[in-house]
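Please open the model in your viewer and keep the sequence panel beside it. The tour below goes from one selection to the next and says what is there at each stop.

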Amino acid sequence: MAVDPDLSSAVRRGLTARPKRLPPHLFYDREGSQLFEAITELPEYYLTRAELQLFQAHGPAIAAAAGDVSAVVELGSGSAKKTQVLLEALLRVAPKAAFVAVDVSAAAVEMTRATLRARFPGLEVVPIQDEFHLALEKVQVRPGRKLVLFIGSSVGNFDAAEAVELLATWRASMRPGDALLLGTDLRKDPALLVPAYDDARGVTARFNKNLLARINRDLGGHFDLDAFRHVAVWNAEASRIEMHLESERAQVVAVDGLGLSVRFEPGERIHTENSYKYTPEMVEEILGRAGFQRERTWTDDRGLFAEHLARVK
Ligand code: AVI
């Protein structure tokens, strides 16, 4: 079995920590990415639809505020369903702009390139498979102002300190006049939030348990998926939804590829994800500390989701 060293060290570290945890970027192998696409179609998962509606309603205003940019750079590319709607509006204001699709996965950038080529035949689409900050440095060889997109509430899976560090790193590769469009989910009634992360069909439960399935597939793990329960809870103090996997009983699970035996108490949890839900103050704080000035914010019709346009200070 060819073992991925990043996966091995993250799983070893997380399963030997107290409390146990696994980092959320491990969700996104092939199965996990497909499950995430299925989540975005769920009736309970309002985020994707709200952001799409926001782009349909406010795309022209966002484009006017962003101005005549020479490149639109999307950090984290994929099916680009929502991006197409925004891009339509952006290209009316900046018809010569190129689109730069950045992702650590070659398959993701290729998928974006193919989708956008079909929809916008004249558009220059530049795929970059790299870490986001390195891609931003490469993009700066192009003259003109850039608009960087970090949408879909991806920032919400980082805590405030991590988010500031991340945005500040990108900020260091941006120039005065460049802009960032940041998508954030908003703090709201937990009666709406919790089902979005614990849907009736159990797709999010399968997405969460795919972490254990992945350890079984890629690291020779022996997790019994039925011996763990998917848990989604609202942590009001931290303003975040937390996902956990809770052991139904006392058990010891071997992970052969790591030479590890992991003991679980009944009810013991592995913390797998945080999804922060923002107030305007939280957004202002993160952008400001990372060296950006928030200029404008738009929300969808139901006030569920927000998009913030910020400039390099
Ligand atoms: C990718 N990210 C913004 C999603 C979220 O809503 O935090 C991941 C997700 N986790 C469970 N459902 C969706």
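**Around the ligand**

Begin with the ligand and its shell, which by class holds 7 nonpolar, 4 polar and 1 charged residues, where Ala, Val, Leu, Ile, Met, Phe, Trp, Tyr, Cys and Pro count as nonpolar, Asp, Glu, Lys and Arg as charged, and the others, Gly among them, as polar. This is a predicted model, in which local features need pLDDT of at least 70 and side-chain atom pairs count only at pLDDT 80 or more, while totals for chains, interfaces and linings use all residues. Residues are numbered from 1 along each chain as its sequence is written, and side-chain values use heavy atoms, with hydrogens and water left out.

To display the shell (residues with a heavy atom within 4 Å of the ligand), select Tyr 28, Phe 36, Ile 39, Tyr 45, Gly 152, Ser 153, Asn 157, Tyr 197, Phe 207, Met 243, Glu 273 and Ser 275.

Next, look at the polar contacts, that is, pairs of N or O atoms within 3.5 Å. A side-chain N or O atom of Tyr 45 is 2.5 Å from an oxygen atom of the ligand, and one of Asn 157 is 2.9 Å from a ligand nitrogen atom. For Glu 273, a polar side-chain atom lies 2.7 Å from a nitrogen atom of the ligand. Of the 340 Å² of accessible area that the ligand has on its own, the protein covers 96% (Shrake-Rupley method, 1.4 Å probe). The elements that give two or more residues to this shell are α2 (30-39) and β11 (269-276); helices (H or I, at least four residues) and strands (E, at least two) are DSSP runs, numbered from the N terminus.

Ser 153 is buried, at 5% relative accessible area, where buried means under 20% with a 1.4 Å probe and protein chains only.

Then select Ser 239, in the loop between β7 (228-235) and β8 (240-247), whose phi is also positive and near 60°; at 3% relative accessibility, Ser 239 counts as buried. Most residues other than glycine have a negative phi, and most peptide bonds are trans.

**A cis peptide bond**

Move to Pro 19, in the loop between α1 (5-16) and β1 (20-21). The peptide bond from Arg 18 to Pro 19 is cis, with omega near -10°.

**Helix α6**

Finally, select residues 132-139, helix α6, whose buried residues are Phe 132, Ala 135, Leu 136 and Val 139. They cover an arc of only 100° around the axis, which puts them on the same side of α6.

Terms used:
A polar contact is a pair of N or O atoms within 3.5 Å; within protein, one must be able to donate a hydrogen and the other to accept it, and residues adjacent in sequence count only if both atoms are side-chain atoms. Buried means under 20% relative accessible area, exposed over 50%, partly exposed in between (1.4 Å probe, protein chains only). The arc is that of the directions from the helix axis to the C-beta atoms.
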